[in-house]
Amino acid sequence: MRFSVHSPVHFLWPTLRRHFRVGLLACLCVLLVASLARASSTDGISVQGSGVQPQLGFACCDQGIAQMQDLFAHSDVVANLKSLHAQVAVAIADFSPERAKVVRMLNQQQIPVIAGLMLQTKEGPYFNADDVAEAPAQIAAFEKWTQDNGLRWAAIGIDIEPNFGELAALKSHPWRLVTTLVPNAFDSKRMERAQEAYSAMIVQIQSQGYPVETYTLPYGPVEQMVHTTVLDRLLGTVDVKGDENDLMIYTSYARPVGSAIIPDLGSDAQGIIVGITDGPPPSGSGFGPLDWDEFSSDLIVASHFAHHLGVYNLEGCVQQGFLQRLRNLDWGRTVVIPATSVSRAHRHVMAFEIALWTLAHLLYFIAAIFLFTIWLFWRWRLRRHRLMLSD
């Protein structure tokens, strides 16, 4: 659309731009000042462990049945798990007899097993708002497989995450990424339907006598801080809770912040999951698996806030010899987090808060500017009309 030299928008645009800039800056300054005290720490912090071993759980078996069979073929793995009184969260990537056989062995060894339910469809392994229709069939198939094979579960895990495969495919098509995600931000009915469906599914599982564990991605606490669900709506993650909710904090992706991020995000968590302990590091990424010092520090810091700690994953702990060392870990020792890491963690969380708050309120800014433009246009027309009458 082309404006003439006499267009009211032509005259009003500088004023609009100035008001918008001032308003946005003022709002951001309010949020910045509210977080400044937390971000200005210049001292390191000392975090003392709980003094007692927490309930440990190790996730495993999401890389195929052959890896699962090989993992539990070693008697020392089972012996260490029993010594630690640890749970094992087995990814239910298929309903095969081979997977059932390994679960039965763990049942016989009296190792508590959590069933990590997964979507066995081409859409990806995780539940999300867009796959809610697939969930009932998966639950029914799981229940039949459990009964047919006489399996016992300590709990059922429901992992609701974004469809990472779809996001990766969209990354090479920026406009498709926008046209796919932006409508999600406005579709509140989609999230309401998903929340109702997953809440009903959790109640159904609980009616069978199983406790339900749910898992939250690291941005969950930040969304709560700024009172928004914008990322949930964009990515299809549904905020539902079972008997226990565990927060995933993988510091292998947060170097050099490390354990310092755990107090900022996990201070109110029921359970905390740390990781990642396996996998080859991508060249130059800095995202390699945790070493023993990083891993043990994460556990000690997390145990200060939560009694139930999860680890992703068991395979990495076995490869790096962590299970044996965990048997002798001093859970009462103090971890000193350097001041630089504390400050960096505060800045990262604060920056994310500001970005998330801005994103959540962007539509309000646009609506306010639109209404302000109409008001100014009305005032301009009214003044022009009066001038014409006076002439």
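A residue counts as buried when its relative accessible area is under 20%. By that criterion tyrosine 198 is buried, because its relative accessible area is 1%. The structure is a predicted model, in which eight strands close into a barrel with parallel pairing. The protein chain averages a pLDDT of 83, and 78% of the residues score at least 70.

**Confidence**

- Mean confidence in the protein chain is highest in strand β2 (residues 55-60), at 98, and lowest in helix α1 (residues 8-39), at 44.
- The pLDDT is below 50 over residues 1-41, a stretch with 41 contacts in the model beyond near neighbours in sequence.
- Where pLDDT is low, the predicted coordinates should not be read in detail.

**Barrel**

- The strand order around the barrel is β2-β3-β4-β5-β6-β7-β8-β9.
- On average, neighbouring strands of this sheet are turned by 30° against each other, direction ignored.
- Strand β4 runs parallel to β5 (residues 155-158), and four bridges join the two.
- Alanine 115 stands opposite isoleucine 156 in β5.
- Helix α5 packs on the sheet, where it touches β3 (87-92), β4 and β5; the direction of α5 makes about 145° with that of β4.

**Nonpolar core**

- The largest nonpolar core holds 93 residues, of which Phe58, Phe72, Trp153, Phe295 and Leu326 touch the most other members.
- Leaving aside residues up to four places away in sequence, tryptophan 153 touches Ile92, Val103, Val113, Ile114, Ala115, Phe142, Trp145, Thr146 and Tyr210.

**Aromatic pairs**

- Nine aromatic pairs are found in a search of the whole structure.
- Phenylalanine 127 and tyrosine 198 form an edge-to-face pair, because their ring centres are 6.0 Å apart and their planes stand at 80°.
- This pair ties together parts that are 71 residues apart in sequence, because phenylalanine 127 lies in the loop between β4 (113-117) and α5 (135-149) while tyrosine 198 lies in helix α8 (residues 188-207).
- Phenylalanine 127 counts as buried, at 1% relative accessibility, and tyrosine 198 is also buried.
- The aromatic pair of tryptophan 292 and phenylalanine 295 is tilted, with 6.1 Å centre to centre and 55° between the planes.
- Both tryptophan 292 and phenylalanine 295 belong to helix α12 (residues 292-305), where they are three residues apart, about one turn of the helix.
- Tryptophan 292 and phenylalanine 295 are both buried.
- Phe95, Phe142, Trp145 and Trp153 are linked into a cluster by ring pairs; Phe142 and Trp145 are also among the residues that tryptophan 153 touches.

Terms used
Residues numbered from 1 in each chain as written. Predicted model: local features only at pLDDT ≥ 70, side-chain atom pairs only at ≥ 80, totals over all residues. Heavy atoms only, no water. Core = buried A, V, L, I, M, F, W, Y, C linked by side-chain atoms within 4.5 Å. Buried < 20%, exposed > 50% of the residue type's maximum accessible area, 1.4 Å probe, protein only. Contact = heavy atoms within 4.5 Å. Phe/Tyr/Trp six-rings, centres within 6.5 Å; stacked < 30°, edge-to-face > 60°. pLDDT = per-residue confidence, 0-100. Pairing = 2+ DSSP bridges. Axes fitted to C-alpha atoms, helices over the stretch in contact; angles between N-to-C directions.
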